[in-house]
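Dear colleague,

I am passing on the structure below, together with some notes for a first reading. Please look through it before you read on.

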Amino acid sequence: MFGALVHIARNIRAGYVLAREGVFSRVDPHPLPPMAQLGLKIARMFERSGAENDPARMAKAMARLGPSYVKFGQFLATRPDIVGFAAARDLEALQDRMEAFPQELAEATLTETLGRPISAVFAEFGPPVAAASIAQVHKALLKTRQGDKPVAVKIVRPGIRGRFARDLQAMRFAARLAEAISPEARRLRMREVVETLARSVTIEMDLRLEAAALSELAENTERDEEFRVPVPEWDYTDRDVLTMEWIDGIKLNKLEAIDAAGHDREILSRVVLQSFLRQAIRDGFFHADMHPGNLFVDAQGKLVAIDAGIMGRIGFREQRFLAEILLGFIRRDYLRVAQVHFEAGYVPRHHSVLDFAQAIRAIGEPIHNRRADQISMARVLGLLFEITAIFDMETRTELVMLQKTMVVVEGVCRHLDPHLDIWKVSDPVVREWIERNLGPVGKIEDAGRGLSTLAGIAARAPDMAIRAERLLTQLERDTENGLSLAPRSIERAGEAGAWRSRLLVGALWVIAIALVVGVVNGG
C-alpha cells in the first residue's frame, strides 16, 4: 500500500510537469472514457501560457523531469504508435545533454574499475567532451607498445542505477493503471513498453554489453567496405567503463564540412540507407539510434556509427517479413504484401486479405516512383499505424523500433541528398537477401534447419512421452475426485478483486485532488 502511494506521488509530479508544459494538449479527448476526459480537462488547467503552441513542449517536460525521463522520452521517440507522430518528432529533438559530473568522480570510477592509477594506463585523460543521462565521454591517450593511442572513455554516471530503478517502478505502476483503464493501452502493450525500456536501460548501464554490441556489429559488417564502427579496448572495459577507438570524422549533419572535405553526399546517402538495410535484413541486428549525431564520415570516406547503446534485433521470420514487404512495395504487389502480413500472423484471420491489400495500396501508391524530397516517410508510417489499428494488429515492439529507425535513416539520407530514390537504392539489398535466402540455396538451408529441428524433437520424444503420461495420470485423478475451491479461497479472490478496484478508483481521485490543489495554489 505504501509503495503504491509512493508511485502515485511520483507519477503526480511527472503529470504536473507534463501538464505545465502543455503536453496534454496533444491528447484527443474523444476516444477517452468520461473519467479520463475529466482528468484531461483538469490537467489542461495547469498549462502555462503559450505552452500549447510550443512544438518542443514534450521534450522540455522530459528534460525538466531528469535523466530517467530524458531516456524515456528518447525511447518514446521510437514509438510513434503510442505518442503519435507530432509528439515523436518533438521528442526526436530531445537532446541527451546533461550537466557533466565532476572530473574527480570520473577519475575515481576509472581508478576503481582499472585497479591501478590512471597515469599507469593513460598518458592523458581529458575533461568530458559529452555528458548524457547515463554516462559521459572523455578523450584520452592510451599507453600502448606502439605509442600513445587516442581513445574515447565512457564512464557511467555515479548513482544513476538507483535513480532509474525508482523511476522505472513508478512507470510500471502507471502502465498497469493505464492498461486497467484503457483497452487502447492494452492493445499498445504499455507494460511491455516499460519493460522494453527497462531492458534497454539495463543494457546501456552495463558498458560491457555496449562493447559486445560494437563487437558483434563489427563482425557482421567486416566485409562492408563502406561502413565500420569503433573498436572496443576490452582490457580497459568493464561494467562502468568502456574504452574504445576515438573517431576523427565529420558528423553527417555538417554539410558544408562534408563538401569542403571532398566527400560525395549522394554516395554517403546511399551508404547510410544500404548499411541500415543490410544490418536489419541480412544480419537481424541493427543500430537503432542512427541520428546524425551518431554518424560520421572519416577521412577515407567510410561511414562510421558510434554509440551502440540502443540496438535492435529481429529473427529470421521478421527478416523475411521485412524483405518481402519491401520487395512487394518495390514491385507494387500489394496483394503479396497483405498475404505476408497474414502468413506472419500479424493480422487476425477474421479480416479480409483483399481489404488489407486495398489499405496497403493507399500507402504504396502515393510514394511510388517518388524521390526522397517528395516522400514523407513519417506520414507513410503514420498511415500504417492507423491501418494497424483498423485491422486489430497488435503492436510488435521490435518491428516498431525497426520502422521508426527507418524514418530516422530516411531523414538523414534526405538531408544528404534530397533527390535520393529510396526504392532504387533499396532494391539491390532486398533482392540479394531474397535470392540468397528464398532461392534454391536458401530453400536447401531452410530444409536443413527443418531436419535439425525434427531431429531435436525426436531425441526428446521419450522424455516428452513420460511427462505427458504423468500429466494425463494426474489430470485423471483430479477429474475423478472433482475440482473444488475452499470457501476461504473464493472469499480471498473476491477481496483481492475488490481491493484492486478500490485502489484504482482511489488512485484516480488522489491524482485529481492533487491537480486541483495545484491549480488553487497557482501551479
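Leaving aside its neighbours within four places in sequence, which residues is His-138 in contact with? Taking contact as heavy atoms within 4.5 Å, the residues that touch His-138 are Gln-103, Ala-106, Phe-125, Gly-126, Pro-127, Pro-128, Val-129, Val-151, Ala-152, Val-153 and Ile-155.

Please keep in mind that this is a predicted model, in which local features need pLDDT of at least 70 and side-chain atom pairs count only at pLDDT 80 or more, while totals for chains, interfaces and linings use all residues. Residues are numbered from 1 along each chain as its sequence is written, and side-chain values use heavy atoms, with hydrogens and water left out.

His-138 lies in strand 2, where strands (E, at least two residues) and helices (H or I, at least four) are DSSP runs numbered from the N terminus. His-138 has 0% relative accessibility and therefore counts as buried, a word used for values under 20% relative accessible area, with exposed meaning over 50% and partly exposed in between (1.4 Å probe, protein chains only).

Strand 2 (residues 135-142) and strand 3 (residues 149-156) are joined in the antiparallel sense over eight bridges.

Turning to the aromatic rings, the count comes to five pairs, where rings of Phe, Tyr and Trp (its six-membered ring) pair if their centres lie within 6.5 Å, and planes under 30 degrees apart count as stacked, over 60 as edge-to-face and the rest as tilted. The rings of Phe-276 and Phe-286 have centres 5.8 Å apart and planes at 90°, so this pair is edge-to-face. Phe-276 belongs to helix 13 (residues 265-283) and Phe-286 to strand 7 (residues 285-287), and both residues are buried. Ring pairs also link Phe-342, Phe-356 and Phe-391 into a cluster.

Conventions. Two strands pair if DSSP finds at least two bridges between them.
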